[in-house]
Amino acid sequence: MNTTSKSVIVGTAGHIDHGKSALVEALTGTHPDRLAEEKRRGITIDLGFAFLEENGVKFGLVDVPGHERFVSNMLAGAAGIDLVLLVIAADESIKPQTREHFDICRLLGVTRGVVALTKSDLVDADMLGLVRLEVEEYLRGSFLERTAIVPVSAKTGAGLDELKQALQTVATEIPGKDAARYFRLPIDRAFAMKGFGTVVTGTLISGSIGAEDEVEIFPGGQRLRVRGVQSGGKSVERATAGQRTAVNLAGIDHDAVKRGMTLAAPGHFRTTRRVDVRLTLLPSARKLKNRARVHFHAGTAETIAEIFLYGQSILSPGQSALGHLRLQDEVLVLPGDRFIVRQFSPVITIGGGVVLDALARRPMVRDTGRTAFLETLESGKREEMLAAMTERALLGLALEEIVARAGWLEEEIRETAQKLAAGGRIKIVSAEPLILLGRKAFDDVRRKIAERVERFHKENPLSPGIAREDLRANQGRRVRAETFRAALDEMAAEKKLDVQGELVKRAGAEIALQPEEARAKEQIEQAFSSAALTVPAVKEVLAKLSVESRRAEKLLQILLREKNLVRVSAELVFHRDALAHLKEQLATYKKTKGERISVPAFKELTGITRKYAIPLLEYLDRERVTRRAGDERVIL
């Protein structure tokens with residue numbers, strides 16, 4: 001396999017004083033201890049870093065602390081490692097922190113590694129053989145069961161070439177991280193560098209980063225500019241996923257940045273205080289009760305979490321369960337991210353697991369489908385996951401919500417959504433912006449719209465249809481405007497509804513008048529037709545009918561919609577024939593007496609009083625038959 005330009009993160013793990021730092025220095029020429037206190041006390045308190053390049057593979061070695069009190073630092077270093085270099089001193093064999101560090105690596109999903117038996121120059125061949133047998137027995141059944149166990153001496157250099165070869169062999173088996181995904185860098189160190197300003201370091205777990213990029217820091221959401229990037233101790237144009245990375249940031253003081261924060265691509269992610277997870281308890285742990293408080297570690301973040309177990313009250317040692325974690329502080333995690341939990345007191349590692357839903361809801365007793373939903377997320381099949389997420393989002397699921405919850409790229413989401421929509425599982429209610437809704441929920445909206453339209457027709461037989469906005473308001477706030485529009489459009493395309501401007505009616509629905517209503521309608525039209533331009537008041541006409549006032553008003557509205565009658569003002573309605581005759585009179589007047597006509601002349605021409613003349617002239621102005629010019633009208 002070609003390993004050119006491959007970047008591999010190696011995390012050392014092992015008991016205090018088993019020679020991790022000395023081994024890293026022997027391999028790389030760099031001593032990882034960087035704090036004066038570390039050098040004075042001879043232990044690694046904080047994270048140390050060194051780099052090694054062998055046959056085209058760039059190894060970033062993260063030397064993590066072995067002392068029990070500094071395991072939280074070890075966890076920060078373990079974030080993003082590809083393989084573990086398990087360090088066991090030949091003169092002491094397996095010790096408590098050896099076991100804890102190895103447990104942590106297993107819980108974090110590390111699947112490859114190499115064992116170094118350090119200080120091999122301090123023991124004879126028999127002792128070395130015995131320690132090897134102990135180690136082989138300890139590793140039986142684990143991911144390191146068949147890995148290389150290499151005796152080395154940092155002091156004499158014995159075994160170093162063999163160890164490098166073993167690391168090289170394992171590196172060929174490690175798949176590369178995806179640099180095309182959205183950028184994420186959990187921060188494990190932040191400091192000020194003279195002449196540069198704020199610098200943060202971490203293992204780049206996805207995407208890539210380069211100078212002048214914009215990034216967002218979480219928690220907080222502040223947008224920052226990248227001044228420069230280093231990887232492997234050298235300035236680079238871009239750092240990519242899988243590399244140890246130092247980022248020089250503009251616009252923020254180093255005191256405002258701390259371990260546990262995350263740099264990420266801007267505008268895509270959200271922090272959370274609630275996550276749904278698959279939790280596994282170590283066989284060596286005590287049973288875990290519901291509502292237990294634990295120390296939670298994910299990436300470089302550390303906080304307190306309260307555990308809620310789904311479907312059970314106790315988690316037994318060596319068992320796993322679906323659960324919900326309520327976090328004391330906000331963290332940025334995504335599905336698939338690994339985490340560790342440590343007992344609240346005394347503080348020892350008791351378990352860990354994987355994040356399934358990074359933006360989980362508060363657990364509800366009535367949410368009976370939660371465990372099935374989480375099992376779907378756990379399956380890792382994108383189509384099933386997106387369908388399940390969409391079906392649980394009763395208001396619909398927007399693109400930005402999917403990215404924040406799943407970390408998927410926009411094109412992946414759109415492609416998956418199209419497949420699901422083609423299969424009838426979901427409905428794309430809006431393409432831009434992309435909004436998805438479960439097909440069942442969408443069909444429920446369609447059903448409610450159809451029921452409301454049908455009910456309107458029954459309650460209002462003389463109305464042609466329901467106002468679009470009234471229909472929309474009837475659906476309530478749990479239906480997005482985009483969903484309503486999509487449902488209306490689909491039902492119109494299927495010829496189930498007829499949408500005419502702002503009115504919606506059942507397709508084919510016609511106004512059917514009762515015999516007495518048909519007579520009343522004729523009487524209304526006749527009353528205005530016979531009156532010519534000296535029309536009676538609307539109330540007077542309707543009051544003389546045999547039907548009740550509400551139906552009489554509806555009949556008037558029908559005549560107005562049919563344009564047999566025309567409302568000229570709030571109080572005056574005229575028959576269309578009378579208005580047509582008036583326009584003919586004005587045309588004749590223009591030919592015989594000129595294009596200008598005064599109000600008195602208009603009254604004389606039509607034989608009406610000022611009560612009718614002024615509203616009619618204003619109507620003619622609106623209709624562009626006349627145009628006001630001072631006290632006169634110009635006939636157009």
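Guide: One term before we start. Buried means under 20% relative accessible area, and exposed means over 50%. Also, this is a predicted model.

Visitor: Fine. What share of the 636 residues is buried, then?
Guide: Buried residues make up 51% of the 636 in the protein.

Visitor: What about overall shape? What radius of gyration does the protein have, against a compact globule of 636 residues?
Guide: The protein has 39 Å. Along the principal axes, the C-alpha atoms fill a box of roughly 130 × 55 × 45 Å.

Visitor: How many helices and strands?
Guide: There are 19 helices and 35 strands. Take contacts between residues at least 6 apart in sequence: 66% of them join residues at least 24 apart.

Visitor: Charges next. How far apart are the mean positions of the positive and negative ones?
Guide: They are 5 Å apart, with 97 positive and 86 negative charges.

Visitor: Let's zoom in on strand E9. Why is E9 largely enclosed by the rest of the structure?
Guide: E9 covers residues 197-203, and six of its seven residues are buried, so the rest of the structure largely encloses it.

Visitor: Which strands pair with E9?
Guide: Strand E8, residues 189-193, is joined to E9 by five bridges and runs antiparallel to it. Phe191 stands opposite Val199 there. Strand E15, residues 244-250, also pairs with E9 in the antiparallel sense, over six bridges. In that pairing, Thr198 has Leu249 as its bridge partner.

Visitor: What sits between E8 and E9?
Guide: Three residues, in a hairpin. Gly195 in the turn has a positive phi of about 85°.

Visitor: Change of topic. In what order do E28, E29 and E30 lie in their sheet?
Guide: The order is E28-E30-E29, in an open sheet with antiparallel pairing. E28 (466-467) and E29 (497-500) stand at the edges with a single partner strand each, so one side of each has no neighbour in the sheet.

Visitor: How many bridges pair E28 with E30?
Guide: Two, in the antiparallel sense, with E30 spanning residues 503-506. Ala467 stands opposite Leu503 in E30.

Visitor: And what holds paired strands together in general?
Guide: Strands of a sheet pair through backbone hydrogen bonds, either parallel or antiparallel.

How values were computed
Residues numbered from 1 in each chain as written. Predicted model: local features only at pLDDT ≥ 70, side-chain atom pairs only at ≥ 80, totals over all residues. Heavy atoms only, no water. Helix = DSSP H or I, 4+ residues; strand = E, 2+ residues; numbered from the N terminus. Rg over C-alpha atoms; globule rule 2.2 N^0.38 Å. Buried < 20%, exposed > 50% of the residue type's maximum accessible area, 1.4 Å probe, protein only. Contact = heavy atoms within 4.5 Å. Lys, Arg positive; Asp, Glu negative; His and termini not counted. Charge placed at Lys NZ, Arg CZ, Asp CG, Glu CD. Pairing = 2+ DSSP bridges.
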